[in-house]
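Me: Hey, I've got a new structure to look at and could use a quick tour. Can you walk me through it?

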Amino acid sequence: MAQITVKDLMAESDVAFGTSGARGTVVAMTDRVCYGYTRGFLSYLSGLGEFQPGGRVALAGDLRPSTPRILAACARAVRDCGGVPMFCGYVPTPALALYGFAEGMPSLMVTGSHIPADRNGIKFYRPAGEVLKTDEAGMSAQPVPLPEGTFTAEGMLTQAETLPPVTDVETAYVQRYLDHFGPGALSGKRVGIYQHSAVGRDILARIVRELGAEIELLGRSDTFIPVDTEAIRDEDVVLARDWARGGTFDAIVSTDGDSDRPLLADETGTWMRGDVLGILSAARVGASAVVTPVSSNTALELSHLFPRCRRTRIGSPYVIAAMSEEQHAPSDVVCGYEANGGFLLGSDITGAGGGTTTALPTRDAVLPILLVLTAPGGSVSQQLASLPQRFTFSDRLQAFPPALSEQLFAMLKAGSAAEQLALQTRLFGAFAGEATIIDTTDGVRATFSSGEIIHLRGSGNAPELRCYTEADSEARAAALNRDALTSVTAELGMPAD
């Protein structure tokens, strides 16, 4: 029997850990690679006493075409480890996590989230929480047995693997929100549900409808659409405004591909930025401590709504790790959110009916949407207007090779602090002013004398350069982003689009 480590599989396949689990191209994510990752995950948990032969492992996936094949390879790995795969169907990532945490079992979600369908990934959960960055080294070092005859020369299973019958995790996930908000919480509201190819499209519609809203289903697609809640496509901007033009919706709601990141548009069809949605949601749960990545809107601190605010690197594992450190007292309500809108509940909270809604320390799309839709503070646009008027915008350069990313950040971080500031001023000063502060928590985030912010970072999930900007108006934040990316491409000698 051949044997290889997960680290070796990573090197030979280019399927590596990103900010949300293992990610790679569908071509690279062969059955052999996905099998190896899964066995390495379970071997690591075995060493921690969190998995043993006979133990159950929950599996679910999103709606991209490659997901069923990858799920089958993962199920084979579970069986070959002596485990029992529990197939939970094609459901939102947080629905799978909620079930796995409640049952105290490991789980994994086959999803590429918002990235195009030619890529996919696997997100891993320990019995009580996400696999964090501190777990990745242990997983990578695991030796993985590869039984002879299991895979073809191309790395595909030689024999088909059948997934078991579906275990229902949808009912408990839906009931969580019905119990928290109570019957009729959305009565009198009319909500559009932008369904596209999100795995939770029907579950979201069911929850909103059962809470009393009148709903209209919009934009359902049989082809996978890579909706990125952090870099909203121009097509989706136009769609929402066209749908809202008749003035008949209180809001339009949606999620990304695996339905752990929300999209919420106001009555005019204007999509709300995820980091602003996070502030409103945190206020609604009465948070005493809020954790968010460094890229999120500084309206968080400027609002003075929360006793403690903490910034981290980008990615839910970093937010979760910091959330656990912020639970200073049993009475603390700790939550986190990301610029993509994913909301993480780190403490139990009390629902409208007086019952307890348990913590769910992984990204969720449904809770922040419902917190804002049920808020007593007026329409969605009125709630937004109540916050300090700081605006963020994000975009990306796609097909940005990792080597080029390394070159860029080596240049940005070279030299003394004064030299780094001078470089930022040379690159961006013509339109942003003099650089005054540099933050290297994750990538390079520069604040300028104008008060504007330009933040560059290599994506952890795809070969992309991310650019986050912040200014005093939405139009200015978008223009700043375009100018910043144009300056970067010119500096690197890249062709302009």
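Me: What should I know before we start?
Reply: This is a predicted model, where local features need pLDDT of at least 70, side-chain atom pairs count only at pLDDT 80 or more, and totals for chains, interfaces and linings use all residues. Residues are numbered from 1 along each chain as its sequence is written, and side-chain values use heavy atoms, with hydrogens and water left out.

Me: Ok, in what order do the strands of the open sheet run?
Reply: The order is β15-β14-β16-β17-β20, with mixed pairing across the 5 strands. Strands here are DSSP runs of E with at least two residues, helices are runs of H or I with at least four, and both are numbered from the N terminus. Two strands pair if DSSP finds at least two bridges between them.

Me: Which strands are at the edges?
Reply: β15 (308-312) and β20 (360-364), and each pairs on one side only.

Me: And how do β14 and β15 pair? What sense is it?
Reply: Parallel, over 5 bridges, with β14 covering residues 289-293. Pro293 stands opposite Thr312 in β15.

Me: New topic: why is helix α12 called largely enclosed?
Reply: Because 8 of the 8 residues in α12 (residues 366-373) are buried. Buried means under 20% relative accessible area, exposed over 50%, and partly exposed in between, using a 1.4 Å probe and protein chains only. Val366, Pro368 and Leu373 are among them.

Me: Where is Asp14, and is it buried or exposed?
Reply: Asp14 is in the loop between α1 (6-13) and β2 (16-18). Its relative accessibility is 66%, so Asp14 counts as exposed.

Me: What about Ser113, buried or exposed?
Reply: Ser113 counts as buried, at 1% relative accessibility. Its loop lies between β6 (107-110) and β7 (119-126).
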